[in-house]
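Here's a quick briefing to read with the model open.

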Amino acid sequence: MAMLTVRNLPDEVHRALRVRATLRGRGTEAEVRAILAEAALPEGRAALGTQLIAVGRHAGLMDEEFAGFAQRDTAPTRPIDLD
């Protein structure tokens, strides 16, 4: 898990965060994490996989064709020989 330091946070903002956290029954750090998660990962956002499926459906791909995408070559790659 990543660590983040926020510098030069105005006292007024810090106080508001503490009050908001208290009203929601959590600590200030937990409140900041919740705020950041909500801002960065809003509900209803389209996931990449969902978007790709929609593009495939729009292009008229069938279920059998979609299944082909799941069959990946799992063999280890070889380095390029530049000699």
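Is Glu31 buried or exposed? Glu31 counts as buried because its relative accessibility is 0% (buried is under 20% relative accessible area, exposed over 50%, partly exposed in between, with a 1.4 Å probe and protein chains only). Keep in mind that this is a predicted model, where local features need pLDDT of at least 70 and side-chain atom pairs count only at pLDDT 80 or more, while totals for chains, interfaces and linings use all residues. Residues are numbered from 1 along each chain as its sequence is written, and side-chain values use heavy atoms, with hydrogens and water left out.

**Confidence**

- The protein chain averages a pLDDT of 86, and 96% of the residues score at least 70 (pLDDT is the predictor's confidence in each residue, from 0 to 100).
- Within the protein chain, H1 has the highest confidence, at 96, and helix H4 (residues 63–70) the lowest, at a mean of 73.

**Overall build**

- The protein chain has four helices and zero strands (DSSP runs numbered from the N terminus, with H or I of at least four residues for helices and E of at least two for strands).
- The radius of gyration of the protein chain is 23 Å, well over the 12 Å that the globule rule gives for 83 residues, so the chain is more spread out than a compact globule (the radius is taken over C-alpha atoms, and the rule is 2.2 Å times the number of residues to the power 0.38).
- Along its principal axes, the C-alpha trace of the protein chain spans about 55 × 45 × 20 Å.
- The protein chain has an accessible surface of about 8100 Å², with 57% of it belonging to carbon and sulfur atoms (areas come from the Shrake-Rupley method with a 1.4 Å probe, and for residues only the protein chains shown count as cover).

**Salt bridges**

- The count comes to four salt bridges (a side-chain nitrogen of Lys or Arg within 4 Å of a carboxyl oxygen of Asp or Glu).
- One of them joins Arg20 and Glu31, at 2.5 Å from N to O. Arg20 lies in helix H1 and Glu31 in helix H2 (residues 28–40), so this pair ties together parts that are eleven residues apart in sequence.
- Arg20 counts as partly exposed because its relative accessibility is 31%.
- Glu31 also forms a salt bridge with Arg24, with the closest N and O atoms 3.8 Å apart. Arg24 is partly exposed, at 46% relative accessibility.
- Glu29 pairs with Arg33 in a salt bridge, with 3.7 Å between the closest N and O atoms. Glu29 and Arg33 are four residues apart in helix H2, so about one helical turn separates them.

**Before H1**

- Leu4 sits in the segment before helix H1 (11–23) and counts as exposed, at 62% relative accessibility.
- Leu4, Val6, Leu9, Val13 and Leu36 make up a nonpolar surface patch with about 440 Å² of accessible area together (patch residues have over 30% relative accessible area and no salt bridge; like charges are joined within 9 Å, and nonpolar side chains, meaning Val, Leu, Ile, Met, Phe, Trp and Tyr, within 5 Å).
- Asn8 is also in the segment before H1, and is exposed at 77% relative accessibility.
- Asn8 has a positive phi of about 60° although it is not a glycine. Most residues other than glycine have a negative phi.
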